[in-house]
Amino acid sequence: MKMRKRLIRILIVISVCLFCGVIQTEDSVEAYAKSQHNIEQPVKPNPTEKLQSGKAKAEEKLPSKEDKKAQTKETQPEGTPLGMAAMQEISPEKGYHYIYIGQNDGEPLVWRVLSYQTNMGTDDGIFVLTNRGLVFSDFGETNVWADSNVRKWCEEFYASKEHFTDGERALIMETTKEETELSDYEYLDGSKYLHCGLTQDHLFALSVEEAMNAKYGFPDTIKTDGTREMQYLGRLCWWWLRSPSSKGDNISCMCYRDGNITNDKSTRSRIAIRPAMNLTSDIKQVLMAVPTEKYQNPKGEQRDKAASAKKEAYYWKLKAIDTEMKNPTMTSAKIQESKLTVTLDSKRTKYQIGQQPVLMITDSAYKTVYDYLPYDGEWNEKSTALEWTLPSYYHENEYALYLLMEHSGGAQETDCVSQPEPIMQIKSPNTGSVPTY
């Protein structure tokens, strides 16, 4: 009896559970159906809208003419200004600038840039000073610059082919300058440093006025200063200034080894000559200045204590235009699939050994060089054509092509180049005329 009652209770519990489960399942199905009924049905696409949308996307993908132009400018090199302007793009406060030009005793001559104007105050050249002494000498029997042994040595050094090539010598300006007496400075004994001008000089000693000129990087005092220190033969030494002293006709001015400006007898012989000069920056004579590596003296001699103190220096070499150097005679030129082909008349031009054709790409106004491409193919006097692959940024309306010959020097030697000749004369967008140089 008890077993029967227990069995009945079990059956009732099972029935209730089954009944509740069914209710929940039906409620879930009904809720699911309602949720599905509320979902938004997809809208059929409008063929016209789809076409317009596709066109818009296509226009987004295809760059406009302005975009192409912008992309061209992005791939264009920064460029190098023609002439000597590249040196001025680096602030002088960051360190000294040096130019390699000429040689002495088998070593390149290094010249410190004092100013991007001449010492005559003109803008057609730069004022430079050699960074070391070149020889020991007396000043002369008197302190008159025009008759001095120092002036005579400077002119002989300039004229010698052992020190400058013809192309380099053509860059050295003839200097004529007047100076006024330095009445504000007196030595302890009351003597003064007198004026001393220049007349048709090429290389010359600094005057006291120039050696105290802040514009040239020197202090405006006669006192000791490291910017005037100079080495010769591995040690600091004295060097001549061209200014006479009022103490007597045989007393000349000089710079002491610690940079102090003083005076002594003109006949002293263990004083070094440290010449200065003006170099032309005329674009007809200087194609451009290019950076180069510092000369490593095998003796390990320190060349410029002032540069060492600043811990920064920039070294440059020049590409000088030699009017005697001839260009190849061009008969035609064409561009096809980024290939430039220049046809030559090999019978009309003779070249010197070591000369190489160069393609130069500039802006249409002939102010900036964007590429300087020496010919890397086989070439000789009998060649009838030259071929270069033009860079991707090149466009005939924005750039000009020039052909020239180059005789390349070493890392610290001047490169001699011919006068660049237009390959394809392109009219300037600003003036409508063919650029000249």
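The points below describe a predicted model of one chain.

1. Basis. Local features are given only at pLDDT of at least 70 and side-chain atom pairs only at pLDDT 80 or more, while totals for chains, interfaces and linings use all residues. Numbering runs from 1 along each chain as its sequence is written, and side-chain values use heavy atoms, with hydrogens and water left out.

2. Overall make-up. The chain has eight helices and 24 strands; these are DSSP runs numbered from the N terminus, helices being H or I of at least four residues and strands E of at least two. Of its 437 residues, 43% are buried, where buried is under 20% relative accessible area, exposed is over 50% and partly exposed is in between (1.4 Å probe, protein chains only). Among contacts (heavy atoms within 4.5 Å) with a separation of 6 or more, 69% join residues 24 or more positions apart.

3. Nonpolar cores. A core here is a set of buried Ala, Val, Leu, Ile, Met, Phe, Trp, Tyr and Cys residues joined through side-chain atoms within 4.5 Å. The largest has 61 residues, and I99, L203, L206 and L279 touch the most other members. Helix α5 (residues 149–159) supplies the largest share, five residues. Another core, of 16 residues, lies apart from it and includes V342, L344, L403 and I423.

4. L203. Beyond its neighbours within four places in sequence, L203 has contacts that include W111, C154, F157, Y158, I172 and M277.

5. Largest pocket. Its volume is about 350 Å³, taken as the space filled by probe spheres set on grid points that are joined across faces, edges and corners. A pocket is an open set of points on a 1 Å grid over the protein atoms alone, where a 1.4 Å probe fits, with protein on both sides within 12 Å along at least five of seven lines; lining residues have an atom within 4 Å of a point. The lining has 21 residues, with Q103, T165, E168, E413 and T414 nearest the centre. Strands β2 (96–104) and β3 (107–115) are the elements that each give two or more residues to it.

6. Cysteines. No disulfide (a pair of cysteine sulfur atoms within 2.5 Å) is found in the whole structure. For C196, the nearest cysteine sulfur is that of C253, 9.3 Å away. C196 counts as buried because its relative accessibility is 8%; C416 is also buried, at 16%.

7. T343. This residue sits in strand β18 (residues 339–344) and is partly exposed, with a relative accessible area of 28%. T343 and T384 are 41 residues apart in sequence, yet their C-alpha atoms are 5.8 Å apart.
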